Amino acid sequence: MKKIAVFASGNGSNFQVIAEQFPVAFVFSDHRDAYVLERAEKLGVPAHAFELKEFDNKAAYEDAIVALLEQYDIDLVCLAGYMKIVGPTLLKAYEGRIINIHPAYLPEFPGAHGIEDAWEAGVSQSGVTIHWVDSGVDTGQIIKQVRVPRLADDTIDSFEARIHDHEYQLYPEVLESLGVERK
Ligand code: GRF
């Protein structure tokens, strides 16, 4: 059985959707006050949080993450709103075993503001992408993506909500396709 960990920096709605459907060995947050940690507690999922600034450098921070992944014997790391670039230390240890969800149709609108950037560009459709993580920003091999329309009467909030709804469908589909067993 494949063991998964979820990494999230803030809200954690994707984590919640995943944890309701799949056993999650633990959640990691790089912010000690992230709302995802409250979600984890309510769902009974083990949680770990520490911050980059607590370490001498990013390599030491990622060494601590790798130690956690090894301690739990994790097969697949699921980034879901983890707002840090994966550095060489974590990548070297887990490349090919880290996936990320991005709220746009890559390679369109990479980076931290995929929804806002698509909205401001006035697109008629955007999307959601799940991809393998490599050393670039949202450049890894695409696993699956879906198109999401922007409707004529959309506000940025309704557009964003539609994108999130598609995220909540796509992540479980991809996990299942990668052989992660449901609860
Ligand atoms: C999602 O839109 C995800 O695609 C992006 O960050 C957001 C995280 O939302 N990478 P949440 O923390 O899962 O609610």
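Which elements each supply at least two residues of the shell around the ligand?

A: This is a predicted model, in which local features need pLDDT of at least 70 and side-chain atom pairs count only at pLDDT 80 or more, while totals for chains, interfaces and linings use all residues. Residues are numbered from 1 along each chain as its sequence is written, and side-chain values use heavy atoms, with hydrogens and water left out.

The elements are α1 (13-21), β5 (98-102) and α6 (156-177), each with at least two residues in the shell. Helices (H or I, at least four residues) and strands (E, at least two) are DSSP runs, numbered from the N terminus. Around the ligand lie N11, G12, S13, N14, G81, I101, H102, P103, H164 and E167; a residue belongs here if one of its heavy atoms lies within 4 Å of the ligand. By type, the shell has 2 nonpolar, 7 polar and 1 charged. Here Ala, Val, Leu, Ile, Met, Phe, Trp, Tyr, Cys and Pro count as nonpolar, Asp, Glu, Lys and Arg as charged, and the others, Gly among them, as polar.

A ligand oxygen is 2.2 Å from an N or O atom in the side chain of E167. A polar backbone atom of N14 lies 2.8 Å from an oxygen of the ligand, and a polar backbone atom of I101 lies 3.2 Å from a ligand nitrogen. A polar contact is a pair of N or O atoms within 3.5 Å. On its own the ligand has 360 Å² of accessible area, and the protein covers 85% of that (Shrake-Rupley method, 1.4 Å probe).

F109 is placed in the loop between β5 and α5, and its phi is near 50°, a positive value in a residue other than glycine. Most residues other than glycine have a negative phi, and most peptide bonds are trans.

Key:
A polar contact is a pair of N or O atoms within 3.5 Å; within protein, one must be able to donate a hydrogen and the other to accept it, and residues adjacent in sequence count only if both atoms are side-chain atoms.
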